[in-house]
Amino acid sequence: MPESTLATFAVKRLEIIAPDGTADDSLVPDLSGDELRRVYYLLLLTRTYDGRALALQREGRIGTYPSVLGQEAAQVGSAYAIHERDWVFPSFREMGVHLTLGYPAHQLFQYWGGDERGLRTPDGMNIFPICVSVGTHIPHAAGAALAAKIRGDRIAVVAYFGDGATSKGDFHEGFNLAGVRGLPTVFICQNNQWAISVPLSSQTASRTLAQKAVAYGFDGIQVDGNDVLAVYRATREALEKARNGGGPTFIECLTYRMSDHTTADDAGRYRPPEEVEKWRERDPILRYERFLAKRGLWNEDYAAEMQGKAEGEIDEAVRRYEAVPPPEPGEMFDFACGELSARQRQQRENVRE
Amino acid sequence: MPQLNMVQAINLALREEMARDDRVVILGEDVGRDGGVFRVTEGLFDQFGPERVVDTPLAESAIVGAAVGMAAYGLRPVAEIQFMGFIYPAMDQLFAHAARIRTRSRGRFTAPLVVRTPYGAGIKAPELHEESTEALFCQMPGVKVVVPSGPANAKGLLTAAIRDPDPVLFLEPTRLYRMIKEEVPEGEYTLPLGKARIARPGSAVTVVAWGSMLQRVMKAVEGYDAEVIDPMTLSPFDWETLLNSVRKTGRLVIVHEAPLTGGLGAEIAATVAEEAILHLRGPVIRVAGPDVPVPLAKLIDHYLPSPERIRAALDEVLQY
């Protein structure tokens, strides 16, 4: 009997805005001028928030902090497509997603400042708390999507994670469950190419991360993670597909971690500076400014005005954060469980004294 | 009232709760079409359909992780881990997430889920099918640990566990699945979690045991003036019932099949030493499994606390 081929695969890559700001008009999403400018503001807001967080950490006003520098487009572009009724399961480096979805900036400072109250998602927002144990929230997203499917709710469930997470068992278990059950999930990987000091080439032998979805029975696409419109377009399509019963999609946003893993890390120990400089030329905000300028939506004055507005918003968030009185010791018991045991109640008394 | 064994009692609890509350969803390996490898979920797939009884892929971490997501979304998942020896991949999900989502989110999200699993030794099964590592789970705040000792309390406790607003690990003593038949109430019947029962009143010595060891202890104490306490919930433990008993008898023997070192008996002994030492006439004695991995069938009877070892402990402590 002759050999037969049972399966082949192909992985597409989406790019819309060229480095010089020109764009393929057939691919530019149908966003109004105001919406395009709103995306720009969110990019600036994310970068401003991030820079301020680094400064606060240096001054001891927040604790260890993971920078999102360079990843603004991957975060803002994708989050901008998410609807209020969708559910979002972030990892720990998604501040641009949080800000785009309207999560209070002062609460982000609170969390990174060591105050758990920062992690209390406001009512009405379907954003699960930050996940520190890498990749373990991927099955959560699958479970929520399974529940939504059982309930007949036409929503999408989004999980964000990095390149390192694609090596974790829970990534595979969660993807497999989503694939075999056709769950309404959109998995977004911010492939910033470094897991602390481990480069992508040591993380996986796969040519792309996107192709890992193929094994689980659904599509994976790679997008230029520094191209905010490409990220937006791919995410919007995947979300609509999920809401309409089309099953999961995996979006790999190829980007770059411009800063250290966290403020406790020194990437200079393991990364060549030339590599970082190469990616500085591909800065997502710079590229988008060129795109907007070509459409008459941006100039230096406008940029300065928006930057000033972002600084004001972050100033206010810092002020709000530092105006919050520290938690009371007894508060560590407040939500430990639904009803404290007698022993826990005694311990709470001891802690209060 | 029907006479049911533990498998039937648990099946009845699940069936009634699923009928009463459409948020209750079962998930796990082989729980659907096959009705579970011990037949605990038999008939539920036919009655409630594949969206209420979900046959999952072979992935324990994802089973519990998905349950976390389902619970966050508003369902009441009852996840099955096929044997306690296979729960270890899911400990990350239980400890890093289920146990702490309420506190991390300041109450905004909770995890009202149950993880059921066959527990304990004595069915001559292969490796990892006879584990009793309950103490590891009792150490994690935010997870409740419940062990029924008979068909009736299995139904009452599981119903309460499903209705509990927080994660509950429900350990089903495999050896007891079909060993005992007794009257089990149909319809609305719950037992409170965190409350022990006095299985047998007495005044000369207190004996604490759970799971299939409780049954073994009830036989071993015949002829002794022993008060036997069945905690039913290991975490949170009912200290009041235990301490009242020890203050009355002045003697304590703890029996658990789990390995001695770091077992829950250590926590019980420490608590008694802190809060009732002046009432003790002699040492607290623990009759437990040795500190080795559970052996296979040919040696299991030398591993488990035997009636002889239990009576030897009673004899020793009664000398004081």
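This is a predicted model: local features need pLDDT of at least 70, side-chain atom pairs count only at pLDDT 80 or more; totals for chains, interfaces and linings use all residues.
Residues are numbered from 1 along each chain as its sequence is written, with chains lettered from A and ligands numbered from 1 in the order in which they are written.

Both faces of strand 4 of chain A are covered: A:Thr185, A:Phe187, A:Cys189 and A:Asn191 are buried on one side, and A:Val186, A:Ile188 and A:Gln190 on the other. What sits alongside? Strand 3 (residues 157–162) of chain A pairs with strand 4 of chain A in the parallel sense over 6 bridges; pairing takes at least two DSSP bridges between two strands. A:Gln190 in strand 4 of chain A is the bridge partner of A:Gly162. Between these strands the chain passes through helix 6 (residues 169–181) of chain A, and this β-α-β crossover is right-handed, that is, clockwise from the first strand over the helix to the second with the strands pointing away from the viewer. Strand 8 (residues 249–254) of chain A also runs parallel to strand 4 of chain A, joined to it by 6 bridges, and there A:Phe250 is the bridge partner of A:Phe187.

Now over to chain B, with its 12 helices and 14 strands. Its radius of gyration, 19 Å, is close to the 20 Å that the globule rule gives for 320 residues, so chain B is as compact as a globular protein of that length; the radius is taken over C-alpha atoms, and the rule is 2.2 Å times the number of residues to the power 0.38. Buried residues make up 58% of the 320 residues in chain B.

One feature to find in chain B is an open sheet of 5 strands in the order 9-11-10-13-14, with mixed pairing. Its edge strands are strand 9 (197–200) and strand 14 (285–289) of chain B, each pairing on one side only. Further in, strand 10 (residues 205–209) and strand 11 (residues 226–230) of chain B pair in the parallel sense over 4 bridges, and B:Val208 stands opposite B:Ile229 in strand 11 of chain B.

Notes
Helices (H or I, at least four residues) and strands (E, at least two) are DSSP runs, numbered from the N terminus. A residue is buried if 20 or more other C-beta atoms lie within 10 Å of its own, exposed if 12 or fewer, and partly exposed in between; C-beta atoms are placed from the backbone.
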